[in-house]
Amino acid sequence: MGLRIGSEMPKLDHINWVSGYPEQQASKPYLVHFWTLDCSSCIELMPDVAALLKRYDGLIHTVSINLEGEDEDEVIAKAKKAGIEAPVGIDEETLLSDAFGYNFIPAFYLFDANGSMRYFQQGQDQVTTLEQRIKRLLR
């Protein structure tokens, strides 16, 4: 069973952080982004995700989580090529992805500054709706 609106954000533990380290305090909204190297939709959306994250840099915390214990160097290179500057981790033991309970990737989970989930988006939808939800949280 996955997270529901209002669920508390799981701890960002048991992750192999390969690029940066996440901010643990919940002083700002938090966006958690799941993806894999094998997901063409994930890779296709990554430049849009990177642009979105840059627009809200300093206003929200973000992390980008790769699944399936993929090759560290390839994960770092793909994230860097797309412009992802948020901390990047690999969920090698699938403990975090299991806690979130996503069904499709890419998957995005948005939490308010108190750590309560306010929105989630799964699949290849554009990032426009996600950005609208971020704006709403920042009001």
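T94 is found in the loop between strand 4 and helix 3. In this predicted model, the phi of T94 is positive, near 55 degrees, although the residue is not a glycine. T94 is partly exposed, as its relative accessible area is 32%. H14 belongs to the segment before strand 1 and is exposed, with a relative accessible area of 54%. Most residues other than glycine have a negative phi, and most peptide bonds are trans. A cis peptide bond joins I105 to P106, with omega near 0 degrees. P106 is placed in the loop between helix 3 (95-100) and strand 5.

L12 also lies in the segment before strand 1 (16-19). With a relative accessible area of 3%, L12 is buried. Leaving aside residues up to four places away in sequence, L12 touches W17, P22, Q24, Y30, V63 and L96. The C-alpha atoms of L12 and S64 are separated by 11 Å, the two residues being 52 apart along the chain.

A search of the whole structure gives seven aromatic pairs. One of them is formed by F34 and Y109, whose ring centres are 6.0 Å apart; the planes meet at 90 degrees, so the pair is classed as edge-to-face. Because F34 is in strand 2 (residues 30-35) and Y109 in strand 5 (residues 107-111), this pair ties together parts that are 75 residues apart in sequence. F34 and Y109 are both buried. Y109 also pairs with F120: the ring centres are 6.2 Å apart and the planes are at 20 degrees, and the pair is therefore stacked. This second pair links distant parts of the chain, with Y109 in strand 5 and F120 in strand 6 (residues 117-122), 11 residues apart. The relative accessible area is 1% for Y109, which is buried, and 36% for F120, which is partly exposed. F34, Y109 and F120 are members of one aromatic cluster that also includes F100, Y102 and F111.

In helix 2 (residues 72-82), the buried residues are V75, A79 and A82. These residues cover an arc of only 65 degrees around the axis, so they lie on the same side of helix 2. An α-helix has 3.6 residues a turn, so residues three or four places apart point the same way. The face of helix 2 turned away from the buried side carries the exposed residues D73, K80 and K81. Among the elements that cover the buried residues of helix 2 are strand 2, helix 1 (40-55), strand 3 (61-67) and strand 4 (88-91). Helix 2 is followed by G83, with a positive phi near 95 degrees.

The largest pocket holds about 270 Å³ of space. Its lining consists of 17 residues, of which D57, I60, T62, E85 and A86 are the closest to the pocket centre. Helix 1 and strand 3 are the elements that contribute two or more residues to the lining of the largest pocket. Helix 1 gives the most, with three residues. Sorted by class, the lining of the largest pocket comprises eight nonpolar, four polar and five charged residues.

How values were computed: Residues numbered from 1 in each chain as written. Predicted model: local features only at pLDDT ≥ 70, side-chain atom pairs only at ≥ 80, totals over all residues. Heavy atoms only, no water. Phe/Tyr/Trp six-rings, centres within 6.5 Å; stacked < 30°, edge-to-face > 60°. Helix = DSSP H or I, 4+ residues; strand = E, 2+ residues; numbered from the N terminus. Buried < 20%, exposed > 50% of the residue type's maximum accessible area, 1.4 Å probe, protein only. Arc of directions from axis to C-beta. Contact = heavy atoms within 4.5 Å. 1 Å grid on protein atoms, 1.4 Å probe; cavity = no way out; pocket = protein on both sides within 12 Å on 5 of 7 lines; lining within 4 Å. Points joined across faces, edges and corners; volume = space filled by probe spheres on them. Nonpolar A, V, L, I, M, F, W, Y, C, P; charged D, E, K, R; others polar.
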